[in-house]
Amino acid sequence: MAKQVILTQEGLEALEQELEYLKSVKRKEVAEKIKVALSFGDLSENSEYDEAKNDQAIMEARIADIEVMLKMVVVIDEDELNNENIHIGSKVEVRVTPDGRDSSIKEYKIVGSNEANPLQGKISDESAVGKALLGHGVGDKIEVEVPAGIIHYEILAISK
């Protein structure tokens with residue numbers, strides 16, 4: 001049994017757009033690369049052809065992955081979420097204090113693992129930090145053990 005894919009509405013739309021792009025634009029680009037590479041002749045020594053076929057295989061695998069994810073998707077209805085406790089879909093403002101260092105204020109959005117992007121402040125509900133934050137409310141202080149050591153979090157605000 002495949003695992004449910006938990007996404008926000010924004011994440012679902014991004015996945016659908018990626019699928020549309022791969023099917024309508026990228027497939028044509030890769031097919032053209034293969035066509036050009038075939039025109040170079042001898043396939044046994046044609047690295048352009050090998051590369052184009054590899055690109056095609058990667059792209060088709062991604063299309064298949066997205067199609068499976070879309071069949072298993074559960075969209076979080078952010079309108080039904082409350083701001084009392086942290087859950088998937090919550091935006092969280094926290095004071096982060098790594099051991100022995102000055103604290104800083106960070107904002108995260110808790111999302112499903114398929115939507116996570118730490119560089120954009122979207123952390124997975126399955127990550128160490130995401131798991132630790134789930135269920136807590138404003139004012140709660142928690143400790144999270146990460147590869148860099150123990151980090152202390154104080155929850156300052158929760159929003160949608």
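Is Ser124 buried or exposed in this predicted model? Ser124 is buried, with a relative accessible area of 11%, where buried means under 20%, exposed over 50% and partly exposed in between, for a 1.4 Å probe and protein chains only.

In this predicted model, local features need pLDDT of at least 70 and side-chain atom pairs count only at pLDDT 80 or more, while totals for chains, interfaces and linings use all residues. Residues are numbered from 1 along each chain as its sequence is written, and side-chain values use heavy atoms, with hydrogens and water left out.

View 1. Strands (E, at least two residues) and helices (H or I, at least four) are DSSP runs numbered from the N terminus. Ser124 touches Val111, Gly112, Ser113, Ala116 and Gly130, not counting residues up to four places away in sequence, and contact here means heavy atoms within 4.5 Å.

**View 2. The salt bridge between Lys122 and Glu10.** The closest N and O atoms of this pair are 3.1 Å apart; a salt bridge is a side-chain nitrogen of Lys or Arg within 4 Å of a carboxyl oxygen of Asp or Glu. Lys122 lies in strand 5 and Glu10 in helix 1 (residues 9-38), so the pair ties together parts that are 112 residues apart in sequence. Lys122 counts as buried at 13% relative accessibility, whereas Glu10 is partly exposed at 44%.

**View 3. The salt bridge between Lys23 and Glu67.** Here the closest N and O atoms are 2.7 Å apart, and the pair links Lys23 in helix 1 with Glu67 in helix 2 (residues 47-71), 44 residues apart.
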